[in-house]
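Subject: Structure handover

Hi,

Here is the structure we discussed. My notes follow below it.

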Amino acid sequence: MLSPEKTLELISAAQSGDAAAKETLITENLPLVKSIVKRFKGRLEYDDLMQLGAMGFLKAVSNFDTSYGVRFSTYAVPMIMGEIKRFLRDDGAVKVSRWAKTLAQKIAAYTDELRKNNADEPTVDELAEKFGCDAEEVVFAMDTGRFVVSLSETGDEDGTPLGDRIVGAEAPEEDIDGLMLRDSIKNLPERERKIIILRYFRDKTQSEVAAELGVSQVQVSRLESKILCKIREKLE
């Protein structure tokens with residue numbers, strides 16, 4: 001991993017036209033790009049997603065300004081995310097992955113066969129088990145092909161819409177928000193970081209934190225408010 005200082009040095013060089021510096025930044029930050037790309041699995045071919053992620057990353061390199069007061073990774077994440085989401089919004093309906101098309105065709109054939117035999121409409125979870133994939137991928141394939149099975153339809157279990165029974169479909173935005181929050185906390189001074197960890201990750205009261213730090217509860221309260229404001233400003 002590049003140090004923050006080395007990253008800034010390479011960004012400055014890349015913005016001045018140094019191709020080698022730009023290549024180093026891309027290579028060293030591939031794990032960051034991949035961590036975002038994998039949230040869109042099934043939406044496009046993996047290589048296409050990586051290309052979009054790299055484009056977003058390079059835009060972040062070109063536009064980054066140290067006066068923003070944030071780490072480069074914190075700035076780059078929404079840029080990468082935005083590049084992928086923008087493409088999916090504007091062109092995604094046209095460039096659907098071959099994998100999704102194939103799955104959509106299999107689902108269509110399977111559901112048609114069930115209807116011919118007067119069988120119950122399959123749920124999303126049943127389709128996922130049938131074809132060995134995730135429920136989210138089934139939903140995406142079905143939406144791509146606009147098949148009869150709808151997320152608003154209900155199964156015969158409890159009348160709950162199929163879409164509401166999908167588990168683990170955490171929104172990419174929520175993951176990115178978490179990544180940015182962790183990055184903001186990680187860059188706090190040691191004492192401030194300890195207060196946040198004790199209060200919000202170990203569920204300690206302000207009095208317990210005060211006893212551990214050797215200060216008053218009032219001081220902890222004031223510090224906590226100050227730290228939260230600082231984190232909020234960075235996220236905004």
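Which residues in H1 meet which in H2? Thr7, Leu10, Ile11, Ala13 and Ala14 in H1 meet Ala21, Lys22, Thr24 and Leu25 in H2 (contact means heavy atoms within 4.5 Å). By class, that contact has six nonpolar, two polar and one charged residues.

Some ground rules. This is a predicted model: local features need pLDDT of at least 70, side-chain atom pairs count only at pLDDT 80 or more, and totals for chains, interfaces and linings use all residues. Residues are numbered from 1 along each chain as its sequence is written, and side-chain values use heavy atoms, with hydrogens and water left out.

Helix packing. The axes of H1 (residues 4-15) and H2 (residues 19-28) come within 7 Å and cross at roughly 135°. The two helices are therefore oblique to each other (under 35 degrees is roughly parallel, over 145 roughly antiparallel, 65 to 115 roughly perpendicular, the rest oblique).

Aromatics. There are four aromatic pairs (ring centres within 6.5 Å; planes under 30 degrees apart are stacked, over 60 edge-to-face, the rest tilted). Phe57 and Phe72 have ring centres 5.6 Å apart and planes at 80°, so they pair edge-to-face. Phe57 sits in H4 (residues 46-63) and Phe72 in H5 (residues 72-90), 15 residues apart. Both Phe57 and Phe72 are buried (under 20% relative accessible area; exposed is over 50%, partly exposed in between; 1.4 Å probe, protein chains only).

Tyr110 and Phe131 are also edge-to-face, because their centres are 5.8 Å apart and their planes at 90°. Tyr110 is partly exposed at 26% relative accessibility. Phe131 is partly exposed at 23%.

Best wishes

Key
Axes are lines fitted to C-alpha atoms, for helices over the stretch in contact, and angles run from 0 to 180 degrees between N-to-C directions. Helices (H or I, at least four residues) and strands (E, at least two) are DSSP runs, numbered from the N terminus. Ala, Val, Leu, Ile, Met, Phe, Trp, Tyr, Cys and Pro count as nonpolar, Asp, Glu, Lys and Arg as charged, and the others, Gly among them, as polar. Rings of Phe, Tyr and Trp (its six-membered ring) pair if their centres lie within 6.5 Å; planes under 30 degrees apart count as stacked, over 60 as edge-to-face and the rest as tilted.
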